[in-house]
Amino acid sequence: MILPYKGQHPKIDETAYISSDVVITGDVTIGAYSSVWFKTVIRGDVSPTIIGDNVNIQDQSMLHQSPNTPLILEDGVTVGHQVLLHSCHIKKNALIGMGATILDDVEIGENAFIGAGSLVPPGKKIPANTLAFGRPAKVVRELTDEDYQEMDRIRQTYVDKGQVYKEIEEEN
């Protein structure tokens, strides 16, 4: 379900895959080859949500904002299953693990990895190229070449899979 809110209509690139059971409302922009998976909710009814190219937002995730604090996902971001993102800035090629919660004014650095189930409290800055984990999340180590390869594999899998599902839904 894609709905306007107070005259703001979601802007979704024609190449993006949006599952038919997703809710997207208001001031939301979604870039090329991005994908939004089953039962996800993206509400742009408080501040803008800007989602770049090749981003995947996996099943049952929730994206929202606080007043005057947009939610920004730069190109290549992976958002795992059941993630809560609220008025944060996720930089290029970062990965947010399953069940993580990322709160207001958080900045996740480029290529950073937030471990599954982590809580990143308001205002926290996670440096680029690091793994952060825990409740509250703390940096535990620098990422390895193997980590980057796995993050790239996941991102590309979702770009490819999104296009397959897009064709299936268009046929049905």
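1. Lys91 and Glu107 form a salt bridge, with 3.7 Å between the closest N and O atoms. The model is a predicted one. The two residues lie 16 apart and link distant parts of the chain: Lys91 sits in the loop between β12 (89-90) and β13, and Glu107 belongs to strand β15 (residues 107-108). Lys91 has a relative accessible area of 24% and is therefore classed as partly exposed. Glu107, at 28%, is likewise partly exposed.

2. Arg153 pairs with Glu150 in a salt bridge whose closest N and O atoms are 2.7 Å apart. Both residues are in helix α1 (residues 145-171), and because they are 3 residues apart, about one helical turn separates them. Arg153 is partly exposed at 44% relative accessibility, and Glu150 is partly exposed at 36%.

3. A further salt bridge joins the side chains of Arg43 and Asp45, at 2.9 Å from N to O. Arg43 has a relative accessible area of 33%, which makes this residue partly exposed. The structure has 7 salt bridges in total.

4. Thr78 stands opposite Leu95 of β13.

5. Which residues touch the most other members of the largest nonpolar core? They are Leu73, Leu85, Ile90, Ile102 and Ile108, in a core of 32 residues. Two or more residues come from each of β4 (23-30), β6 (41-51) and β9 (71-73). The largest share, 3 residues, is that of β4. In soluble globular proteins, nonpolar side chains tend to be buried together.

6. Leu85 deserves a separate entry. Leaving aside residues up to four places away in sequence, Leu85 touches Met62, Leu63, His64, Leu71, Leu73, Val79, Ile90 and Ile102. Among these contacts, Leu73, Ile90 and Ile102 are also listed with Leu85 as residues touching the most other core members.

7. There is also a second, separate core, made up of 8 residues. Its members include Tyr17, Leu131, Leu143 and Met151.

Note on methods: Residues numbered from 1 in each chain as written. Predicted model: local features only at pLDDT ≥ 70, side-chain atom pairs only at ≥ 80, totals over all residues. Heavy atoms only, no water. Pairing = 2+ DSSP bridges. Helix = DSSP H or I, 4+ residues; strand = E, 2+ residues; numbered from the N terminus. Core = buried A, V, L, I, M, F, W, Y, C linked by side-chain atoms within 4.5 Å. Buried < 20%, exposed > 50% of the residue type's maximum accessible area, 1.4 Å probe, protein only. Contact = heavy atoms within 4.5 Å. Salt bridge = Lys/Arg side-chain N within 4 Å of Asp/Glu carboxyl O.
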